[in-house]
Amino acid sequence: MSFATSMRRPALASAAALMALAAFAIPAREAGAQTLDQALAQAYVNNPTLNSQRAGTRAVDESVPQALSGYRPTLFATASAGVESARSKASGVSTSGTLWPRQFALTATQTIFNGLITANTTQSAESQVRGSRETLRNTEQSVLLSGATAYMNVIQAIALLDLQNQNLAALQQELRATRDRFNVGEVTRTDVAQAEARVADAQYGVSQAVANLSSAKAVYRQVIGVEPGRLMSPGSVIEAMLPRNLGQVVTAGLDHHPAVKASQFAVDAAMFQVKVAEGALAPNLNLQGQLFQAYDTSNAVDSARGAEVTLNLSVPIYQGGVEYANIRQAKELLTQARIEVDVNRDTIRAQAVQYWGALEASKAQIEAAQSAVAANTLALEGVREEWRVGQRTTTDVLNAQRDLTNSRSALVTAQRDRVVAAYSLVSIIGKLDAISLRLKVNVYNPTVHYNQVRDSWAGVRTPDGK
């Protein structure tokens, strides 16, 4: 059920109720009207929080080639030059001289075994990459939910401002009628004062509604990236994406919510980090080759060159205890990561119950508010007629006007709450993303950058040329 459709029901009983919500019902065919999907598409492209997380995900991708570098050889070139002055005396003969020693070397080292540190570091990095993708997906959901909320807040603020303006106009009319009756002696000065007080309250209500609309527009600009134009009422298509009952929502959330999945990948990464820390206790075996060229190293040697290949084995016996502390620390971090999974699951379960209740409550509130609007509209018309013939007081008319404005405002708020609750539930089940919503955008694919850098051996430029 769309905003426009649900608002027409009370309007059948009163045209005034429809006018109060006219700001919601901008036809889709009207030029310049922006839909919620269009606003979410702009947020998907423009939102700085989402773009920042994309950059962070690309940075995490680089942890894999960093880990893979442990399988590759290292190559170093070294050079040294200096001056050496020597004086010696042997058998009564003194000699002296100055040497200019110079040496150049090229050293290559290949690790053969390091306690599987490289393998486990790579596995940990892969898990971190998968986790960062889920974190990105969670950020995308948060931004799109914020976008939907900001969109609905602007629509709500526009409608409430329109209602306050209508209320002010109606009360000003009541004040004029009360003054006219006071001038002919039909009512007292007290009646006029009561009407004046209600007009002053309505003027404050309009000012507050204007401030609320400005605030809602500012948040919209922050989240969506552009100023809000004419916004079109959203339909209830989003509710078709929801499971039929709360139990299915909870199950889907626990299985598919990106925050839960990200924490599960964090457990995998922490588990491999324990193995990395334990690798520090294992022997290390590497192969090293060196080419060197030396000049003027002694009075007897003008130059020398050579090559050597060595197989080096080192067995750690005791390193001050740091390796044991690192292992214990890694195990505690693994425990923490496992607990975080339970924390996220509990959070998702609680939010599922909360948002499902909010959705059901908003539906009931809409029905109640629609009935209240229709009834209060008829009541106001009747009280006004009775007031004109002296059967009702000015206070009765003012109270009836207030009740109608409150019921209209409650209807607007309930409509807004229904849409926001529905989008919140879609985020709980992990489907509030550009693909599931079929937004007309170029969907960001994090695997593209990962594939570009994973097997890179050299180069300082990022794939986008920076």
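Trainee: Is Tyr220 buried or exposed?
Mentor: Tyr220 is buried. Its relative accessible area is 0%. Keep in mind that this is a predicted model.

Trainee: Which ring does Tyr220 pair with?
Mentor: With the ring of Tyr151. The two centres are 6.5 Å apart and the planes sit at 40°, so the pair is tilted.

Trainee: How many aromatic pairs does the structure hold?
Mentor: Two. Phe104 and Tyr295 form an edge-to-face pair, 6.5 Å centre to centre, with 70° between the planes.

Trainee: What does that pair tie together?
Mentor: Phe104 lies in strand β5 and Tyr295 in strand β7, so the pair links parts 191 residues apart in sequence. Phe104 is partly exposed, with a relative accessible area of 40%. Tyr295 is partly exposed too, at 29% relative accessibility.

Trainee: How many bridges join β5 to β7?
Mentor: Eleven. β5 covers residues 102-113, β7 covers residues 284-298, and they run antiparallel. Thr107 stands opposite Gln290 in β7.

Trainee: What about β7 and β8?
Mentor: 13 bridges join them, also antiparallel; β8 is residues 301-314. There, Gly289 stands opposite Val309 in β8.

Trainee: New topic. Which residues touch the most other members of the largest nonpolar core?
Mentor: Leu40, Tyr151, Tyr220, Tyr423 and Leu439. That core has 63 residues.

Trainee: Which helices supply at least two residues each?
Mentor: α3, α6, α7, α8, α10, α11 and α12. The largest share comes from α6, with 15 residues.

Trainee: Leaving aside its neighbours within four places in sequence, what is Leu40 in contact with?
Mentor: Leu144, Gly147, Ala148, Tyr423, Leu437 and Leu439.

Trainee: Last one. Which ring does the charged end of Arg54 sit over?
Mentor: The ring of Tyr44, 4.6 Å from its centre. Arg133 has its charged end over the ring of Tyr450, 5.1 Å from the centre.

How values were computed
Residues are numbered from 1 along each chain as its sequence is written. This is a predicted model: local features need pLDDT of at least 70, side-chain atom pairs count only at pLDDT 80 or more; totals for chains, interfaces and linings use all residues. Side-chain values use heavy atoms; hydrogens and water are left out. A nonpolar core is a set of buried Ala, Val, Leu, Ile, Met, Phe, Trp, Tyr and Cys residues joined through side-chain atoms within 4.5 Å. Buried means under 20% relative accessible area, exposed over 50%, partly exposed in between (1.4 Å probe, protein chains only). Helices (H or I, at least four residues) and strands (E, at least two) are DSSP runs, numbered from the N terminus. Contact means heavy atoms within 4.5 Å. Two strands pair if DSSP finds at least two bridges between them. Rings of Phe, Tyr and Trp (its six-membered ring) pair if their centres lie within 6.5 Å; planes under 30 degrees apart count as stacked, over 60 as edge-to-face and the rest as tilted. A charge sits over a ring if NZ of Lys or CZ of Arg is within 6 Å of the ring centre and within 35 degrees of the ring normal.
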